[in-house]
Amino acid sequence: MHTVAPASTNHGDVVKREVLFGLPDKLRAQQAAFDQTGGLHAAALFTFAGEFIALREDVGRHNALDKLIGSLLPTANIMQQAVLQLSGRASFELIQKASMAGIPVVVAVGAPSSLAIQLAAERNITLVGFLKSEKFNCYTMPERVL
């Protein structure tokens, strides 16, 4: 279980491109179970400034996100100004869970499904896919990314 309280709760409402570029490495650095097994998905939450908040791992992408959201329920307001980093692709169900938790920005190292893009647009979620260290695709709400 990895959880760190953020240094600040004032994150603004935009995230810098440079912050997004750094998230895959920050996610990977927190994946202790992945280091041992090589086969787990992760869901992590970061502040808009890129500060690590929490991470959960599981063999299933959906389970990892369920664990992350559940662990943060006592401080649910933190999710409303944060970036969710997914270690895989972004499905409709993952966007739906992020929406229910109030998470405004979802970034994935893989592709989003067409239904995920549609739901993110409907729920005003910034959805980023194919996140690499120097490039990404922003599918919805690009005004949140500087």
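A contact here means that heavy atoms lie within 4.5 Å. By that criterion, among contacts between residues at least 6 apart in sequence, 47% join residues at least 24 apart. The model is predicted, and its 146 residues include a buried share of 47%.

**Overall architecture**
- The protein contains five helices and seven strands.
- Read from the N terminus, these elements follow the order β-α-α-β-β-α-β-α-β-α-β-β.
- The accessible surface is about 7,000 Å², and carbon and sulfur atoms account for 53% of this area.

**Nonpolar cores**
- The largest nonpolar core comprises 27 residues, and Leu45, Leu68, Met79, Leu84, Leu86, Ile95 and Val106 have the most contacts inside it.
- Two or more residues of this core come from each of β2 (41–47), β3 (52–58), α3, β4, α4, β5 and α5.
- Helix α3 provides the largest share of this core, with five residues.
- Leaving aside residues up to four places away in sequence, Leu68 touches Ala43, Ala44, Leu45, Ala54, Leu55, Arg56 and Leu84.
- A second, separate core has 19 residues, including Phe21, Phe46, Leu131 and Phe136.

**Helix α4 and its surroundings**
- Helix α4 spans residues 92–101, and its buried residues are Leu94, Ile95, Ala98, Ser99 and Ala101.
- Viewed down the axis of α4, these buried residues fall within an arc of 165°, so they line one face of the helix.
- The buried residues of α4 pack against α3 (61–72), β4 (82–86), β5 (105–108), α5 (114–122) and β6 (126–129).

Notes. Residues are numbered from 1 along each chain as its sequence is written. This is a predicted model: local features need pLDDT of at least 70, side-chain atom pairs count only at pLDDT 80 or more; totals for chains, interfaces and linings use all residues. Side-chain values use heavy atoms; hydrogens and water are left out. Helices (H or I, at least four residues) and strands (E, at least two) are DSSP runs, numbered from the N terminus. Buried means under 20% relative accessible area, exposed over 50%, partly exposed in between (1.4 Å probe, protein chains only). Accessible areas come from the Shrake-Rupley method with a 1.4 Å probe; for residues, only the protein chains shown count as cover. The arc is that of the directions from the helix axis to the C-beta atoms. A nonpolar core is a set of buried Ala, Val, Leu, Ile, Met, Phe, Trp, Tyr and Cys residues joined through side-chain atoms within 4.5 Å.
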